[in-house]
Amino acid sequence: MSIRVENLTHIYNKGLAYETKAVDDVSFTVADGEFIGIIGHTGSGKSTLIQHLNGILKPESGSIFIGDAEITAKKIKMNEIRKRVGLVFQYPEYQLFEETVSKDIAFGPKNLGLSEEEIDERVREAMQMVGLDFATYAGRSPFELSGGQKRRVAIAGVIAMRPEVLILDEPTAGLDPKSHEDILNMVKSIRHRAGGIVILVSHNMGDVAEMADRVFVMDGGKLARVGTPAEVFADEAFLKRIGLGVPPAARMANDLAARGLASGRVILNIDEMTDFLADTLSGARESKS
Amino acid sequence: MIRDITLGQYYPEHSRIHRLDPRLKIIVTLVYIVSLFLVKDFIGYGIVLVTVGIITAISKVPLKFMLRGLKPIVLIIVFTFTLNMLMTQGTILWEWGFLKITKEGLYNAVFMALRLVFLIIGSSLLTLTTKPIKLTDGIESLLKPFKRFGMPTHELAMMMTIALRFIPTLLEETDKIMKAQQARGADFETGSILRRAKALVPLLVPLFVGAFRIAQELAMAMESRCYRGGEGRTKLNALKFRGRDALAIVFTAIYMAAIMAERIFI
């Protein structure tokens, strides 16, 4: 399973005075098993781009291949695509509607036309994957849960469809630090167990740096940069210019370098920073003695 | 798909008509509607056409927008036209079985259809040139006399304003939820009526929940800014009667005089 996007363009309000090119001639490929992070400031076209990947939006021009299926083709069956590409929207807890948590999670699998046993098995598996105890939560109303729990239910509803590509649009927006970490750990464990492609849209540079194999930088509807986190976050000036930043550890490394203490290595998280500082300090002590 | 729906047909421009006092515009529109029923022949419609034409030209609203307002009532116009044409007794022009077109019928049909068209065009001129907020302001102000009889005019106007304000918000919300459920394999577009009605549940429940959430948040925001209804409340943009409004009154008076004169003397 791989994704190939060719010259994708999407225009909102075409033909009106306020028409905008939300996605502008974007092309990329994603290999099987890759973890992609997409960053970009508000209105840069991230959400529009990912909504094309499971056929929710139709492009103005360009084509998208999921595996060998061209999902931008006219005669394609949408349910086939949605089975393979799972999309978790921003604030997904607002889409919950069923009486119980298990029924809500079963909505997706039911739409795929699976058998009762299969659905039940998938619901249990999805709940386990998002860290909700089946016995405790399955029979409860999703509306009486906490914000973080609601979000897990909503994510479980997509996971239960067992997509080969999982796309998450800012899954941690508006959550407290604990829930934030829980959701990220959940994404990691899902990827670990289910494999496949994961695409994470996030405003948190630290999260992206830590989790992604490659980072896509969106700016003004265009794919401005593509590279490993180390490559992308090396250019702090560029990221700042388009309204983004670098992970805190990388910023510190850059500040240190500006003051004459160049690290000469990639520093994206606290551990790497700690190692660098420990090495530098012990080196300084040795040269003194 | 939902993005394509345009609601409230205000056409943003800075014409003299746009800047008129909304209260006056509402009253003038009412007067205009009455005048349409005073017209008794096509010469009268000539006067109406010229007047509407002049106002449209001053308002700078493109003709295309004006005619767009007619679209939803095309069916009603055709219906009225056909009924009038076939049901009026008189000199027969054409006959086929029980269907017959009379001279009087044809005249009546055209006359009635024109009345409907002018009715719609005139009232769309009001909504095209007046912001919904101004419109509710005007309605509130005009209803003020009824306050003495216990009518909560400010509250009614506030409700209308809030409703108008939240139409786009709710549309956006609907669009979002629809997409989210489609991503989970929901199908809103195919199947029997019963199936489609059932498919709406995953859309309507979150929408209602969301509407209540929005209402609660708005109420909280209003409370925290000490909103306590219309008593003693002043306005930032108070409605003011200006010179151009007086001019509009004169214009309206002349128009009405012309319609009356035409009715009586010609």
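1. Two residues are in contact here if their C-beta atoms, placed from the backbone, lie within 7 Å. With that in mind, among contacts in chain A between residues at least 6 apart in sequence, 64% join residues at least 24 apart. In chain B, residues 24 or more positions apart account for 74% of the contacts with a separation of 6 or more. Both values, like everything below, come from a predicted model.

2. On the secondary structure, chain A holds 12 helices and 10 strands, whereas chain B has 11 helices and two strands.

3. Along the principal axes, its C-alpha trace spans about 65 × 55 × 40 Å. For chain A, with 289 residues, a compact globule would have a radius of gyration near 19 Å, and the value of 21 Å found for this chain agrees with that. The C-alpha atoms of chain A fill a box of roughly 75 × 50 × 35 Å, again taken along the principal axes.

4. Of the 266 residues in chain B, 18% are buried, while buried residues make up 41% of the 289 residues in chain A.

5. Chain A is divided into domain 1, which covers residues 3-246, and domain 2, which covers residues 247-289. The C-alpha centres of these two domains of chain A lie 35 Å apart, and the contact between them takes 10 residues from domain 1 and eight residues from domain 2. On the domain 1 side, the elements that give two or more residues are helix H8 (205-211) and helix H9 (229-232) of chain A, and the largest share, four residues, comes from H8(A). The residues on this domain 1 side divide into six nonpolar, two polar and two charged.

6. Within chain B, one helix pair can be described in detail. Helix H2 (residues 22-38) and helix H11 (residues 243-265) of chain B pack at an angle of about 5 degrees, with their axes 10 Å apart. Angles under 35 degrees count as roughly parallel, and H2(B) and H11(B) are therefore roughly parallel to each other. From H2(B), the residues that take part are B:Leu24, B:Val28, B:Val31, B:Ser35 and B:Leu38; they meet B:Asp245, B:Ala248, B:Thr252, B:Met256, B:Ile259, B:Met260 and B:Arg263 in H11(B). The residues of this contact of H2(B) with H11(B) divide into eight nonpolar, two polar and two charged.

7. Finally, the interface between the chains brings 15 residues of chain B into contact with 19 residues of chain A. On the side of chain B that touches chain A, helix H8 (153-183) and helix H10 (201-224) of chain B each supply at least two residues, and the largest share, seven residues, comes from H8(B). The residues on this side of chain B divide into eight nonpolar, four polar and three charged.

Terms used: Residues numbered from 1 in each chain as written. Chains lettered and ligands numbered in written order. Predicted model: local features only at pLDDT ≥ 70, side-chain atom pairs only at ≥ 80, totals over all residues. Axes fitted to C-alpha atoms, helices over the stretch in contact; angles between N-to-C directions. Parallel < 35°, antiparallel > 145°, perpendicular 65-115°, else oblique. Nonpolar A, V, L, I, M, F, W, Y, C, P; charged D, E, K, R; others polar. Domains from an automatic or database assignment. Buried ≥ 20, exposed ≤ 12 C-beta atoms within 10 Å, placed from the backbone. Rg over C-alpha atoms; globule rule 2.2 N^0.38 Å.
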